Amino acid sequence: MLYSWCEDVKSTLFTKLRDFQFRLLHNIVVTNLDLKKWGIKQSDKCTFCSDHTETITHLLIECKCSQEIWNHVYSQICKCSKVYIKLQKCEVFMGLYDKPFAVFYNHICMVIKQYIYACRCLEKIPNKQVVIEKIKDAKHVEYQLAKQNDRTTAFFKKWELVENLWAGP
């Protein structure tokens, strides 16, 4: 588990995403299941679909609302790069290691997971267009941080798979 955390840290300079990934990996992310156990909520059902118990796995990956987000992003990447990838649950949570473009996919996964969880906290259904805007924003922040830290070469290498998608640094 520690190794995957280290790999994810390499994926972004953005501390907000690093913090969320750390909390996720250390089971410090609260769901309705937790809130019901603590007597704060009446129901442990998913904020989005209301069909299943809201575990972190259901919320971020299994819920039909979250699956729409993941599928949309996968299709956008495939359309631009002609590379099709569908990550396994453990890869979404723990990160990829030693695969082509692992740093890129780990970064994208962190953005998507953080966005879905933020929607849950706001009790709003995740939106496909908004998640793309979040990825664009994350790319822009990453570029600014890369410029400040003299790491633009690494930035462009990470984003080369989809250089024409989500245009602009």
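Helices α8 and α9 run roughly antiparallel to each other in this predicted model. Helix α8 covers residues 128-148 and helix α9 covers residues 152-159. Their axes come within 8 Å and cross at roughly 155°; as angles over 145 degrees count as roughly antiparallel, the description follows from that cut-off.

Let me turn to the residues that form this contact. By class, the contact of α8 with α9 comprises 6 nonpolar, 1 polar and 4 charged residues.

I now come to the other pair, α7 and α8. Helix α7 spans residues 102-122, and its axis comes within 10 Å of the axis of α8. How are α7 and α8 oriented to each other? The two axes cross at roughly 130°, and the helices are therefore oblique to each other. The crossing of α7 and α8 is right-handed.

On α7, the contact is made by His 107, Ile 108, Val 111, Ile 112 and Tyr 115. On α8, the residues are Val 130, Val 131, Lys 134, Ile 135, Ala 138 and Glu 142. This contact divides into 8 nonpolar, 1 polar and 2 charged residues.

Finally, a word on confidence. The mean pLDDT of the protein is 85, and 88% of its residues reach 70 or more. Over residues 1-9, however, the pLDDT is below 50. That stretch has 19 contacts in the model beyond near neighbours in sequence. Where pLDDT is low, the predicted coordinates should not be read in detail.

Notes:
Residues numbered from 1 in each chain as written. Predicted model: local features only at pLDDT ≥ 70, side-chain atom pairs only at ≥ 80, totals over all residues. Heavy atoms only, no water. Axes fitted to C-alpha atoms, helices over the stretch in contact; angles between N-to-C directions. Helix = DSSP H or I, 4+ residues; strand = E, 2+ residues; numbered from the N terminus. Parallel < 35°, antiparallel > 145°, perpendicular 65-115°, else oblique. Nonpolar A, V, L, I, M, F, W, Y, C, P; charged D, E, K, R; others polar. Left-handed = near helix turned anticlockwise from the far one by under 90°. Contact = heavy atoms within 4.5 Å. pLDDT = per-residue confidence, 0-100.
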